[in-house]
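Reader: Hi, I'm new to reading structures. Can you walk me through this one?
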Amino acid sequence: MSLTEILGLMLAGAAGGVINAVAGGGTLVTFPTLLWFGTPPIVANATSTLALVIGTSGSLYGYRRHLSAVRPWLWRFVPISILGGLIGGVLLTFTSNQTFSKLVPFLILFATVLFLAQGLVRRLTNLDARRWRSGQRGVLWGAVLFQFAVAIYGGYFGAGIGILMLASLRFIGLGNIHEMNTLKTILSSLINLVAAVWFIFAGLIHWPKAGIMTLGALAGYYLGAHYSQRISPARVRQIITAIGFMLSALTFYKEFIRWVVRPQ
């Protein structure tokens with residue numbers, strides 16, 4: 001790898017770590033960066049997943065004071081998150097690079113739209129904790145099933161799962177944003193961890209690139225979690241949304257050109 005590629009991967013890992021810790025969606029930076037440096041799509045997705053999940057330890061440390069508050073919720077969401085993440089990872093290994101390349105523009109666009117719509121989603125799910133305390137267990141089980149679907153998507157691609165989970169947690173009555181971010185970080189880490197373990201056994205990891213990107217992600221996650229209250233989430237979301245739409249447009253254009261010039 002050239003010095004430019006090393007620096008690019010490290011900066012992308014750091015940016016992805018900060019973004020995940022503050023707003024979620026770091027994959028929108030790390031995954032396209034790996035593609036830019038010539039990594040095959042499925043290998044890029046697997047390598048990005050591994051790099052960001054290892055870096056999550058920095059974010060968990062930053063949220064350590066809130067762990068006791070979210071512990072009662074873990075037994076409800078952890079098992080389904082692990083199972084869904086594994087299913088999503090397995091599905092990816094049965095997808096060819098050609099098929100995944102065609103899906104990439106849509107996956108990036110979907111994740112970007114989630115960013116754009118998260119304010120609306122939160123307003124639509126702005127229910128207080130009395131809904132849960134009143135005995136409507138159907139709300140909780142609906143959130144558990146929703147988490148299962150999120151975990152499958154997360155194991156397969158992953159960008160935007162933090163936003164989906166925050167909306168779900170708000171729906172069941174959680175209101176403290178720091179506790180919600182702590183629970184979201186734990187669950188997304190488990191989803192990505194089981195998927196990453198599967199990717200390792202499937203031989204989909206580019207280890208040198210994963211190592212470099214992990215170093216950046218560790219620093220980015222910790223700084224993002226530690227200084228998140230000093231960063232405007234709205235500004236971060238605006239930047240990520242702009243980047244996401246740009247990347248989606250570029251990947252759609254790339255696939256269009258490939259279709260036009262494909263061998264007859």
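Predicted model: local features only at pLDDT ≥ 70, side-chain atom pairs only at ≥ 80, totals over all residues.

Reader: How many helices and strands does the protein have?
Author: It has 11 helices and zero strands.

Reader: And what share of the residues is buried?
Author: Of the 264 residues in the protein, 50% are buried.

Reader: What about the surface? How much of the accessible surface belongs to carbon and sulfur atoms?
Author: The accessible surface comes to about 12,700 Å². Carbon and sulfur atoms account for 69% of that.

Reader: Let's zoom in. What is the span of helix α4 between its end C-alpha atoms?
Author: Helix α4 covers residues 67-93 and spans only 33 Å. A straight helix of 27 residues would span 39 Å.

Reader: Where is the kink in α4 centred?
Author: On W73. The kink is about 60°.

Reader: Which residues of α4 are buried?
Author: The buried ones are V70, W73, F77, V78, S81, G84, G85, G88, G89 and L92.

Reader: Some of those numbers sit three or four apart. Why would residues with that spacing point the same way?
Author: An α-helix has 3.6 residues a turn, so residues three or four places apart point the same way.

Reader: Pick one. Is V70 buried or exposed?
Author: V70 lies in helix α4. Its relative accessible area is 1%, so V70 counts as buried, the cut-off being under 20%.

Reader: What does V70 touch?
Author: Leaving out residues up to four places away in sequence, V70 touches E179, T182, L183 and I186. There is also a distance to look at: the C-alpha atoms of V70 and K184 are 9.9 Å apart. Along the chain, those two are separated by 114 residues.

Reader: New topic. Which residues touch the most other members of the largest nonpolar core?
Author: That core has 49 residues. F77, F100, F157 and F199 touch the most other members.

Reader: Which helix gives the most to this core?
Author: Helix α9, residues 177-201, with eight residues.

Reader: What's around F199?
Author: F199 touches A46, T49, G89, L92, T93, G155, L204 and I205. That count skips residues up to four places away in sequence.

Reader: What are the contacts of Q147?
Author: Q147 touches F77, I80, S81, M165, L187 and I191, again without residues up to four places away in sequence.

Reader: How many salt bridges does a search of the whole structure find?
Author: One. The side chains of E5 and K209 meet in it, at 3.4 Å from N to O. The pair links distant parts of the chain, 204 residues apart. E5 is in helix α1 (residues 3-22), and K209 is in helix α10 (residues 207-226).

Reader: Are E5 and K209 buried or exposed?
Author: Both are buried.

Reader: Last stop. Why is helix α2 called largely enclosed by the rest of the structure?
Author: Because eight of its 10 residues, in the run 27-36, are buried. The buried ones are T27, L28, V29, T30, F31, P32, T33 and L34.

Reader: And L35? Where does it stand?
Author: L35 is found in helix α2 too. L35 is partly exposed, with a relative accessible area of 22%.

Reader: What is L35 in contact with?
Author: Setting aside neighbours within four places in sequence, L35 is in contact with P40, P41, A44 and V104. The C-alpha atoms of L35 and N45 are separated by 9.0 Å, and the two are 10 residues apart along the chain.

Reader: Which residue with a positive phi follows α2?
Author: G38, with a phi near 85°.

Methods: Residues numbered from 1 in each chain as written. Heavy atoms only, no water. Helix = DSSP H or I, 4+ residues; strand = E, 2+ residues; numbered from the N terminus. Expected span 1.5 Å × (residues − 1). Bend = angle between axes of the 7 residues up to and from the residue. Buried < 20%, exposed > 50% of the residue type's maximum accessible area, 1.4 Å probe, protein only. Core = buried A, V, L, I, M, F, W, Y, C linked by side-chain atoms within 4.5 Å. Contact = heavy atoms within 4.5 Å. Salt bridge = Lys/Arg side-chain N within 4 Å of Asp/Glu carboxyl O. Areas by Shrake-Rupley, 256 points an atom, 1.4 Å probe, with all protein chains shown as cover.
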